[in-house]
Amino acid sequence: MIRTSENLYKNGFLILNNCIDQKIINNIAKKINETLLKEIIRLKLKKKKNLTDNFNQLIKKISQFEIQKKLSKDLIDANLIDKIFNQKKLLNNLISLLGPDLSYMADFEVAISSKVNKVNDYYFVKKFHQEFWSGMGLESLQLWIPINLKKGMGTIEIIKNSHEWGHIPHQNREPMKLPKKYKTYKVNIKPGSVAMMSALTLHKTIKNNHNEIRIALPITVRNFHYPNYGNSDLFNFKKFNQSFFTKFRKKLGNSQLTAFRTKSINDIKNLNGDHSS
Ligand SMILES: [Fe+2]
């Protein structure tokens with residue numbers, strides 16, 4: 001895990017392989033299809049057999065933005081995002097990278113990349129950008145979690161070491177200037193693995209030309225005790241892991257350590273009990 005931290009520090013990104021159970025990935029894809037079907041019924045459209053066709057059906061009536069927002073809300077409500085962050089390997093690595101007091105941004109949007117997205121639609125086919133531009137704090141990590149990703153769909157492309165370049169001036173969602181020479185890396189990942197990057201790592205969408213839609217979850221994770229080096233205070237974060245200190249403070253109830261949650265001295269029976277572990 002020390003190596004994970006060193007790699008992230010050195011490269012500005014890392015891939016954590018096989019850290020989410022395939023069952024969870026399948027359940028997320030299933031839930032996404034259920035949400036699409038519910039919307040199709042609500043809008044009196046014709047139900048289709050698979051997820052991509054259902055998405056293509058729905059997009060005739062509502063915007064991709066609205067669909068993406070609805071999908072993330074339903075995944076959170078079904079506790080499926082909590083399940084991801086409960087995965088041992090992922091959780092242990094995040095604890096080692098950021099410390100144990102962890103939260104994820106609940107305002108995220110499921111990212112769908114479809115063959116029909118136009119290359120000049122910068123919202124869905126993003127040019128090189130830093131998450132820092134849209135408010136992500138320097139203290140946070142951006143996760144990219146593939147859900148439906150097949151060979152030939154493409155992923156995201158990262159500029160190596162760009163996290164060391166600081167804040168890149170930008171306009172209209174693209175950098176105003178980049179170095180003459182830089183190296184890129186096309187993220188090579190499978191569902192069940194997670195890509196992570198810093199708030200300054202330049203990255204862009206690789207357009208998906210596959211017949212099926214590509215689905216990924218871009219989710220920001222931060223330690224809620226770290227100072228906010230961005231607009232983190234303006235977003236909703238859900239806590240998913242707590243340190244001993246945080247749990248202890250919570251258990252005692254308040255910072256004055258009054259007897260709100262602590263026991264009365266007379267009620268404590270095992271003062272001389274064995275507390276060795
Ligand atoms: Fe991004």
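## Where two helices meet

In this predicted model, Ala29, Ile32, Asn33, Leu36, Leu37, Glu39 and Ile40 of helix H2 touch Leu51, Asn54, Phe55, Gln57 and Leu58 of helix H3; contact here means that C-beta atoms, placed from the backbone, lie within 7 Å. Sorted by class, this contact of H2 with H3 has eight nonpolar, three polar and one charged residues. Ala, Val, Leu, Ile, Met, Phe, Trp, Tyr, Cys and Pro count as nonpolar, Asp, Glu, Lys and Arg as charged, and the others, Gly among them, as polar.

H2 covers residues 22-42 and H3 residues 51-58; they pack at an angle of about 35°, with axes 9 Å apart. Axes are lines fitted to C-alpha atoms, for helices over the stretch in contact, and angles run from 0 to 180 degrees between N-to-C directions. Helices (H or I, at least four residues) and strands (E, at least two) are DSSP runs, numbered from the N terminus.

## A sheet of three strands

Now for the strands: an open, antiparallel sheet has three of them, in the order E8-E5-E10. Strands E8 (184-186) and E10 (203-205) are at the edges with a single partner strand each, so one side of each has no neighbour in the sheet. From one strand to the next, the twist averages 20°.

E5 (residues 156-159) pairs with E10 over three bridges; pairing requires at least two bridges found by DSSP. Here Ile158 sits opposite His203 of E10.

## Reading the numbers

Residues are numbered from 1 along each chain as its sequence is written. Because the model is predicted, local features need pLDDT of at least 70 and side-chain atom pairs count only at pLDDT 80 or more, while totals for chains, interfaces and linings use all residues.
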